Amino acid sequence: MPKAPTLETVAERARVSRQTVSNVLNAPERVLPETRERVLEAIRATGYRPHSAARQLRTGRSRVLGLRLRPVPDGISGMVLDRFLHALTEAAQQHDHQVMLFTARDDEDEIEQYRTLLRTSGPDGFVLSSTHPGDPRPGWLVEHAVPFVTFGRPWDSRTPAHPWVDVDGRAGTRLAVEHLLALGHERIAFLGWPRGSGVGDDRRAGWLAAMSEARPALALDPLHREVADDVRDAVLATRHLLETEAPTAIVCASDSLALGAAEAVRRSHARVAVVGFDDTPVAAATGLTSVAQPLAEAARRAVELVLAQVAGSRESPEVLLSPELVVRDSSVPHRPTEEV
């Protein structure tokens, strides 16, 4: 039976010292990025697995990050957090960490879970999602000096400075509007969530800014509809929008809303372009143009930031990532059928 790979095996393959391998595993911030990546590649190639119990006793770290698992509001928009969770788990494993999931009824219950987990399981830190105005969770974690990072920026000035990673929703809807303007559309409507959600307001702001610059004389208020993130509600809102405002295109705050908008357009037999946001598998399957979030990069950066906090960093980096537009049939001009 072949011998299990050791720390020395990894060091020899990566052409570094045994101490450097140890630093990559226990204090990665001390190692240059290119050296760290070489050691991680050697660990993957050799299949080396550190003795976690012994290392926890030595370092006082559990190599575990906590994340609240939220209920899925529907089968479309909920896919975004599912994909982020998968990417986060992969990114954590690359740093020899695991993600521990827990549930909570609301923000206050989530804070209570922090207390319980820190007392019983001792996670090294937490990753928070779904930030919103008035969010009490970052303040509690800062006050108790617990390492954490949020996937989502602070949405009000009361939130203390802390590390966060987010995707620029304003830039995403601006991309959608610019794409539609280039195709000749002028009356571009926006179907968004009720105001006050932070994320929804940010996405609406991109549509408003792009339209105000391109069509300053156009009254934009009638072209904006607020609706819950529900396909059926989106169908009804779009039907009313088509009857009263006659837009030639609709930009939506999510793929859920875009799916409803596209269904209303289909039923009305109108020639109206539709663009969604989040680029879910449903968008790909139905030919829906959508704004894609770089979820894998967001997860990777989130893990790096929280582990830097675990290692002792007191900085509060802010990472705002750029989305991209994935163009499909729902927004491109319809080509006339060729005569046979």
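Reader: How many salt bridges does a search of the whole structure find?

Author: The search finds 24 of them. A salt bridge here is a side-chain nitrogen of Lys or Arg within 4 Å of a carboxyl oxygen of Asp or Glu. Keep in mind that this is a predicted model, where local features need pLDDT of at least 70, side-chain atom pairs count only at pLDDT 80 or more, and totals for chains, interfaces and linings use all residues. Residues are numbered from 1 along each chain as its sequence is written, and side-chain values use heavy atoms, with hydrogens and water left out.

Reader: OK, predicted. What pLDDT does the chain average?

Author: The average is 90, and 93% of the residues score at least 70. pLDDT is the predictor's confidence in each residue, from 0 to 100. Residues 335-340 have a pLDDT below 50, and beyond near neighbours in sequence that stretch has zero contacts in the model. A contact means heavy atoms within 4.5 Å. Where pLDDT is low, the predicted coordinates should not be read in detail.

Reader: Are Glu 110 and Arg 137 buried or exposed?

Author: Both Glu 110 and Arg 137 are buried.

Reader: What about Arg 68, where is that found?

Author: Arg 68 sits in strand β1 (residues 64-68). Arg 68 is buried too, with a relative accessible area of 8%. The side chains of Arg 68 and Glu 110 are joined by a polar contact of 2.8 Å. A polar contact is a pair of N or O atoms within 3.5 Å; within protein, one must be able to donate a hydrogen and the other to accept it, and residues adjacent in sequence count only if both atoms are side-chain atoms. A polar atom of the Arg 68 side chain also lies 3.0 Å from the backbone oxygen of Ala 104.

Reader: Which salt bridge does Glu 213 form?

Author: Glu 213 pairs with Arg 174, and their closest N and O atoms are 3.0 Å apart. Glu 213 lies in helix α9 (residues 199-214) and Arg 174 in helix α8 (residues 169-182), so this pair ties together parts that are 39 residues apart in sequence. Glu 213 counts as exposed at 56% relative accessibility, while Arg 174 counts as partly exposed at 22%.

Reader: New topic: which residues touch the most other members in the largest nonpolar core?

Author: Of its 37 residues, those are Val 177, Ile 188, Leu 191, Trp 207, Cys 252 and Leu 257. The elements giving two or more residues to this core are α8, β6, α9, α10, β8, α11 and β9. A nonpolar core is a set of buried Ala, Val, Leu, Ile, Met, Phe, Trp, Tyr and Cys residues joined through side-chain atoms within 4.5 Å.

Reader: You mentioned α11. What covers its buried residues?

Author: The cover includes β6 (188-192), α10 (231-245), β8 (249-252), β9 (273-277), α12 (281-286) and β10 (289-292). Among the buried residues of α11 are Leu 257, Ala 261 and Val 265.

Reader: What's at the ends of α11?

Author: Ser 254 caps the N-terminal end, with a side-chain oxygen 3.4 Å from the backbone nitrogen of Ser 256. Just after α11, His 269 takes a positive phi of about 60 degrees.

Technical notes. Buried < 20%, exposed > 50% of the residue type's maximum accessible area, 1.4 Å probe, protein only. Helix = DSSP H or I, 4+ residues; strand = E, 2+ residues; numbered from the N terminus.
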